[in-house]
Amino acid sequence: MNEQNIFIVRCGEVALKGMNKPYFERMLAERIRKNLSEFEGTEVQRHEGLIYVRADKKFEKEKLIRQISRVFGVASISPAVEAESDLDAIGEEAVKYMKELIETKGIKTFKVEAKRADKNFPVKSPDIARIIGAKVLIGCKVLKVDVHNPDVHLFVDLRHDKSYIYQQKIAGFGGLPLGTNGKGMVLLSGGIDSPVAAWMMAKRGMLIEAVHFHSYPYTSQRAQEKVEELARIVASYCGNFKMHVINLLPVQEQIVQHCPEEETTILVRRFMMRIAEKIAEKNKAMMLITGENLGQVASQTAEALVVTDASVSMPVMRPLIAMDKVDIMEKAEEIGTFETSILPYEDCCTVFLPKHPTTKPKLERIEASESRLDVEGLVSAAVDSEEIVFIRQN
């Protein structure tokens, strides 16, 4: 019967969506299907609040699990075996399943936990567990029952047409399926924070595109290649996307020539937001996403963030705003961006960095400084000069 790899995929937060639940489940199944497209013949089906994945046994089970777990909206995955919804058939498969675990893992104790999803089945869950446990003891005489600290929890999920046996619940990232919460434009640098911010918004179901600023020739091609690699890692979770690459140097040079040195950082930041907003509007993104974190640097004080936001009308999402730096670094390590982020290549934000940047800017003073510049012309020229890099997942 079990000629395929079978995985039970649980939907987590998706299950709380009430009347919208079928829509979120369809989106989640589609995302899983897309993430498994390289595994020819793999089937993804929704049934009774769960998603079932069936793949040929020639494919590596661990790789399949890894690909499924990267899909946002997946709460957990269980490699399972299937049986007819009959206690003798379930018992037979359970014995085979446990014999394999005895051989591969040397288990000695177990406990059966049963769930009867089909309430018309004449035997109740506690009795199903007791009956299957007895069959396992008869078929696997080296095993003993331990209800407190077993080597294996053997789960039996009895449903109307088929039943499933498994012993693992492998955690996914949870969240919501991509595409269920619009599109955002992330300001992506080569640092630790912005890739994590992009990942976190994608986890909430938001499709992303990115805009990256450089200051060539002050910043190198290697620095951009680093950002492209970070983008590819993010894409491994949220699929292919466009990255809009902007040379910020003409804007920076004008600010340095005409504005007070201590205001350089905040002025540059306001221009970056304006440019990103224009690109977002052209590409039908609903909001901007940044990796800013309250109080981390001079441009991220409360006063500076208020002044920065005043430069655009589009909402700005800052998913890392209240996180400790240590927590952000741990998340970067978890999703695989940290090692690339700490590579020592320069960033456009370090070009023309003032010795004593203002940390409590006043909007009226910043706007007065900007009045010396052709703001619209500089923004328009930057947008017109964009290069587009298509980021494809690894």
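**Charges, patches and a sheet**

When I say buried I mean under 20% relative accessible area, exposed is over 50%, and partly exposed is in between, with a 1.4 Å probe and protein chains only. Quick note on what you're looking at: this is a predicted model, where local features need pLDDT of at least 70 and side-chain atom pairs count only at pLDDT 80 or more, while totals for chains, interfaces and linings use all residues. Residues are numbered from 1 along each chain as its sequence is written, and side-chain values use heavy atoms, with hydrogens and water left out.

So who does E370 meet? Its side chain meets R274 in a salt bridge, at 2.8 Å from N to O. E370 sits in helix α12 (residues 363-370) and R274 in helix α8 (residues 264-282), so this pair ties together parts that are 96 residues apart in sequence. R274 is buried too, at 13% relative accessible area.

A salt bridge here is a side-chain nitrogen of Lys or Arg within 4 Å of a carboxyl oxygen of Asp or Glu. Helices (H or I, at least four residues) and strands (E, at least two) are DSSP runs, numbered from the N terminus. The general idea is that side chains of opposite charge can pair when their charged atoms come close.

How many salt bridges does the structure hold? There are 24. Here's another one: E82 and R54, with N and O 2.6 Å apart.

K162 forms a salt bridge with E84, and their closest N and O atoms are 2.7 Å apart. K162 is in strand β8 (residues 162-166) and E84 is in β4, so parts 78 residues apart in sequence get tied together. Here K162 is partly exposed at 23% relative accessibility, and E84 is partly exposed at 33%.

Now let's go to the surface. D324, D327, E330, E333 and E339 gather there in a patch of negative charge. Helix α10 (residues 325-335) gives the largest share of this patch, three residues. E330 lies in that helix and is partly exposed at 47% relative accessibility.

There's a nonpolar patch as well: L137, V145 and V147 make one of about 230 Å². V147 is in the loop between β6 (144-145) and β7 (152-158), and counts as partly exposed at 46%.

What counts as a patch? Patches are made of residues with over 30% relative accessible area and no salt bridge; like charges are joined within 9 Å, and nonpolar side chains (Val, Leu, Ile, Met, Phe, Trp, Tyr) within 5 Å. The areas come from the Shrake-Rupley method with a 1.4 Å probe, and for residues only the protein chains shown count as cover. Lys and Arg count as positive and Asp and Glu as negative; His and the chain ends are not counted. A charge is placed at NZ of Lys, CZ of Arg, CG of Asp or CD of Glu.

Y216 and P217 are joined by a cis peptide bond, with omega about 10°, and P217 is in the loop between β11 (207-214) and α6 (221-238). E48 is not a glycine, yet it has a positive phi of about 50°; look for E48 in the loop between β2 (43-47) and β3. K284 is not a glycine either and has a positive phi of about 60°. You'll find K284 in the loop between α8 and β13 (287-289), exposed at 69% relative accessibility.

Last stop, a sheet. Six strands make an open sheet in the order β14-β13-β10-β11-β12-β15, with mixed pairing. β14 (316-317) and β15 (387-391) stand at the edges with a single partner strand each, so one side of each has no neighbour in the sheet. Two strands pair if DSSP finds at least two bridges between them. β10 (residues 183-187) and β13 pair in the parallel sense over three bridges, and M185 has L288 in β13 as its bridge partner.
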